[in-house]
Amino acid sequence: MVERERDINGRLSSETSYYISSLDNEPRIIADAVRRHWEIENSLHWVLDVAFREDDSRIRKDHAPENMAVLRHIALNLLKRENSKRRSIKTKRFRAGWDNQFLATVIQA
């Protein structure tokens, strides 16, 4: 069980999460595993959802969802490697869709 509290603009909220695990009953090890899980969720999945709107995807048939996930990850990695100007992933993706020269820069990065 993990209890979280957040204070946003003076408004306190709390949440309790329950986890099932085969880990030994050591709080430090469990806490590290939970933090690693949320680190991945916040850094990768959040970016995929915001920049690529992955959660809104209607692709559901056969192997298409997995194939599109691979393509999104490739695109995300290419966009992260492009560093000519400090811009958000979403902005870089939009620009690459409109500007072929910038798209070539992203692919070659």
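Two strands pair if DSSP finds at least two bridges between them. Helices (H or I, at least four residues) and strands (E, at least two) are themselves DSSP runs, numbered from the N terminus.

This is a predicted model, in which local features need pLDDT of at least 70, side-chain atom pairs count only at pLDDT 80 or more, and totals for chains, interfaces and linings use all residues. Residues are numbered from 1 along each chain as its sequence is written, and side-chain values use heavy atoms, with hydrogens and water left out.

**Confidence**

pLDDT is the predictor's confidence in each residue, from 0 to 100. The protein chain averages 86. A score of at least 70 is reached by 100% of the residues. By element, the lowest confidence falls in α1, with a mean of 80. The highest is in helix α4 (residues 100–108), at 92.

Strand β1 covers residues 2–8. Strand β2 covers residues 11–17. The two run antiparallel and are joined by seven bridges. E5 has S14 as its bridge partner in β2. D7 is partnered there by L12.

How many of the seven residues of β1 are buried? The count is zero, and the strand is hardly covered. Here buried means under 20% relative accessible area, exposed over 50%, and partly exposed in between (1.4 Å probe, protein chains only).

**Salt bridges**

A salt bridge is a side-chain nitrogen of Lys or Arg within 4 Å of a carboxyl oxygen of Asp or Glu. The whole structure holds six of them. The table lists some of these.

| Pair | N to O distance |
|---|---|
| D56 and R53 | 2.7 Å |
| R72 and E54 | 3.4 Å |
| E82 and K92 | 3.7 Å |

Take D56 and R53, whose side chains meet at 2.7 Å. D56 is partly exposed, at a relative accessible area of 45%. R53 is exposed, at 53%.

R72 and E54 meet at 3.4 Å. Their bridge links distant parts of the chain, 18 residues apart. R72 sits in helix α2 (residues 64–81), while E54 is in the loop between α1 (27–52) and α2. Both R72 and E54 are buried.

The side chains of E82 and K92 come to 3.7 Å, N to O. E82 is buried, with a relative accessible area of 3%. K92 is buried too, at 6%.

**Positive phi in the loop**

R53 lies in the loop between α1 and α2. Its phi is near 50 degrees, a positive value in a residue other than glycine. D62 is found in the loop between α1 and α2 as well. D62 is not a glycine, yet has a positive phi of about 55 degrees. Is D62 buried or exposed? At 62% relative accessibility, D62 counts as exposed.

**A helix residue**

A51 belongs to helix α1. A51 is buried, with a relative accessible area of 6%. A51 and V106 are 55 residues apart in sequence. In space they are 16 Å apart, C-alpha to C-alpha.

**The largest pocket**

Rolling a probe the size of a water molecule over the atoms shows where empty space is left. On a 1 Å grid over the protein atoms alone, a pocket is an open set of points where a 1.4 Å probe fits, with protein on both sides within 12 Å along at least five of seven lines; lining residues have an atom within 4 Å of a point. Grid points are joined across faces, edges and corners, and a volume is the space filled by probe spheres set on the points.

The largest pocket has a volume of about 160 Å³. Its lining includes M1, Y19, D24 and H37. The lining residues divide into seven nonpolar, two polar and one charged. Ala, Val, Leu, Ile, Met, Phe, Trp, Tyr, Cys and Pro count as nonpolar, Asp, Glu, Lys and Arg as charged, and the others, Gly among them, as polar.
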